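These are my notes from going through one model.

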Amino acid sequence: QEAMGSVSAGRVAVAEAGVLGRALLRDELVVVAPIPPGGPGVALPDTGVVVAMVAPVHEAGGAVGCLVVASRHGGRDYRHGDQAVLRVFAEQVSLAVTDARTHEAMWQAFHDPLTGLASRRLFTDRLERALVAAVRAGTRTAVLFVDLDRFKIVNDSLGHAAGDSLLIGVADRIRACVRDGDLVARLGGDEFAVVLEDLADADPAVAVAERIIGAVRAPFVLGGREVFVDASVGVALNPEEPCSGELVLSNADLAMYQAKRQGKGRVEVFEPAMREAFSRELELAGDLRRAMDRDELVLYYQPVVDLSSGAVTGVEALLRWRHPRRGLLAPAEFIPLAEETGLIVPIGQWALATACHQVSAWNQDLGLAALTLSVNLSVRQVARADLVEQVATTLATSGLAPGQLTLEITESLLLTGSDAHSTEALADRLRQLDRLRVRLAIDGFGTGYAPMAYLRDLPIHMIKLARSFVARAGEAAGGQLVRALVGFGHALGLVTVADGIETDEQAGVLIAAGCDLGQGYFFARPQPAAELGPLLLRRRVAASLVDLADLSDLADAGPRG
């Protein structure tokens with residue numbers, strides 16, 4: 001005959017909610033007897049109820065609901081004792097609601113809402129306590145900094161929902177790689193961290209990092225398709241003396257950065273030299289931002305030789321940096337930094353324009369009408385939608401014929417997008433360049449295993465054999481590989497170029513293999529325009545090409561590249 005419970009008033013005004021509304025508005029216990037048949041408004045769900053006692057339930061000092069005791073027996077009378085009991089129950093429910101909301105708020109403050117992992121706040125607190133305990137116990141605590149490789153490609157091409165699903169899947173796999181007591185956190189974006197306590201040295205942490213890399217490397221199924229990502233992991237242990245968690249996390253971050261620099265999908269353990277190198281790199285990045293304004297960047301030009309005739313058919317523009325303190329820097333010393341900072345875009349635009357104007361001037365002033373130019377394009381440049389317009393504008397203003405410009409892209413660029421969107425975007429960009437009549441070359445061919453379909457379907461005109469293959473051309477196995485690559489290129493109707501020829505033996509093997517063009521220190525070292533131009537003028541021949549024998553004075557000691 002009696003029932004106690006909470007009753008929702010639904011989406012109606014509180015004043016129209018009958019006995020429930022009265023208790024909420026007055027914020028006090030209300031007893032109603034008798035209740036008219038049907039009740040006023042939304043009094044109670046059961047029209048057979050004739051007497052009721054309602055007490056408000058509170059959260060944070062305000063009434064948020066009601067606790068109801070009701071009876072269908074007309075003779076029931078709720079006296080002071082009954083009301084006191086209901087007030088006690090209501091207070092207990094209020095405390096439970098407040099505790100639940102507090103617990104939920106605390107959980108949300110200390111956990112990542114997407115993956116359920118610890119948040120950066122909880123991670124920092126736990127790490128600080130772990131470091132104090134490690135010093136007392138004489139043990140080591142390790143931090144693993146995990147960063148996903150290629151996550152942005154998935155997120156941009158498949159959408160944020162797929163990206164979120166991928167992050168959840170990665171979180172589950174990382175959790176499965178650690179012990180129950182180990183803390184796994186999501187620091188933000190696609191960055192995760194792990195705290196491992198009670199270690200003797202770095203070996204167990206490296207083992208966990210390798211398990212994480214292997215687990216993340218397995219395919220994820222998103223929207224019915226397989227998606228592949230990798231993880232780069234940095235490991236840092238606390239020093240023997242007390243230190244902050246911020247320092248250990250920063251060390252792990254630097255180690256992760258080193259792992260990415262070493263090829264991604266790998267683990268690196270922090271060493272103090274990494275911080276020194278990072279500080280130097282930060283300083284170098286600042287210098288690089290000012291280098292263009294100070295006219296410190298210069299172009300060197302290396303002749304490209306027709307291996308069958310021994311004539312110079314063109315030049316490749318190579319970037320150099322005349323650093324005010326470090327001297328002349330080769331591309332390998334600053335181009336990766338320019339890529340990471342985005343400075344490669346304005347630097348690349350300047351290099352393309354400067355080289356086109358220079359070679360056009362040589363062709364007009366020196367009577368070398370057939371001299372061609374090769375220029376490297378960075379990944380960031382190819383990704384820009386205005387690349388084709390920039391190339392067209394540069395050709396028009398410089399006067400260089402489109403067919404005399406070769407744009408080189410790395411073979412790895414063809415493999416950066418396994419998703420259809422990025423691959424088609426790249427293909428469309430290359431087709432637009434092809435319609436300008438410029439030539440396209442794959443640089444470093446043979447190292448990235450580019451699918452044959454790319455060479456067949458994309459408007460590629462030439463392949464440039466990787467230096468590592470050319471360096472081994474004099475060996476038996478290396479010579480066979482070079483001949484195979486040259487034959488492969490010719491089978492597809494492509495011009496073959498050998499880069500980095502440094503010995504007579506290498507040149508002989510490449511000539512015998514039928515390689516079309518070559519360049520390297522064996523023929524001529526890169527020269528600034530002011531030095532190469534006069535030599536081209538002095539050695540000019542009737543065919544408007546420079547004979548190979550006339551380049552002997554360029555093959556002396558000097559910077560390679």
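I counted salt bridges first, taking a side-chain nitrogen of Lys or Arg within 4 Å of a carboxyl oxygen of Asp or Glu. The count comes to 19 salt bridges. The model is predicted, so I note the limits that apply: local features need pLDDT of at least 70, side-chain atom pairs count only at pLDDT 80 or more, and totals for chains, interfaces and linings use all residues. Residues are numbered from 1 along each chain as its sequence is written, and side-chain values use heavy atoms, with hydrogens and water left out.

**Salt bridges**

I looked up arginine 186, which meets aspartate 112 in a salt bridge at 3.2 Å, N to O. This pair links distant parts of the chain, 74 residues apart: arginine 186 is in strand β6 (residues 183–188), and aspartate 112 is in the loop between α2 (80–110) and α3 (120–137). I take helices (H or I, at least four residues) and strands (E, at least two) as DSSP runs, numbered from the N terminus. Are arginine 186 and aspartate 112 buried or exposed? Both are buried, where buried means under 20% relative accessible area, exposed over 50%, and partly exposed in between (1.4 Å probe, protein chains only).

Next I checked arginine 467, which forms a salt bridge with aspartate 499, the closest N and O atoms being 3.3 Å apart. The two partners are 32 residues apart, arginine 467 in helix α15 (residues 467–471) and aspartate 499 in strand β19 (residues 495–499). Arginine 467 is partly exposed at 38% relative accessible area, whereas aspartate 499 is buried at 8%.

Arginine 384 and aspartate 386 form another salt bridge, with 3.1 Å between the closest N and O atoms. Here arginine 384 is partly exposed at 33%, and aspartate 386 is partly exposed at 24%.

I also found Glu283, Asp287, Arg290 and Arg325 linked in a network of salt bridges.

**Sheet with β6**

I traced an open sheet of 5 strands in the order β6-β7-β5-β10-β11, with mixed pairing. Its edge strands are β6 and β11 (267–269), each pairing on one side only; I count two strands as paired if DSSP finds at least two bridges between them. Strands β5 (residues 140–149) and β7 (residues 191–199) run antiparallel and are joined by 7 bridges. Aspartate 147 stands opposite glutamate 191 in β7. Helix α7 (residues 245–261) lies across β5, β6, β10 (230–237) and β11, at about 140° to β10. Axes are lines fitted to C-alpha atoms, for helices over the stretch in contact, and angles run from 0 to 180 degrees between N-to-C directions.

**Helices α4 and α5**

The axes of α4 (residues 151–158) and α5 (residues 160–176) come within 6 Å and cross at roughly 140°. Contact, meaning heavy atoms within 4.5 Å, is made by Phe151, Val154, Asn155 and Leu158 of α4 with His160, Ala162, Gly163, Leu166 and Leu167 of α5.

**Methionine 53**

I ended on methionine 53, in strand β3 (residues 51–59). Why does methionine 53 count as buried? Methionine 53 counts as buried because its relative accessibility is 2%. Leaving aside neighbours within four places in sequence, its contacts include Leu29, Val31, Leu67, Val69, Tyr78 and Leu86. The C-alpha atoms of methionine 53 and arginine 79 are separated by 9.9 Å, and the two residues are 26 apart along the chain.
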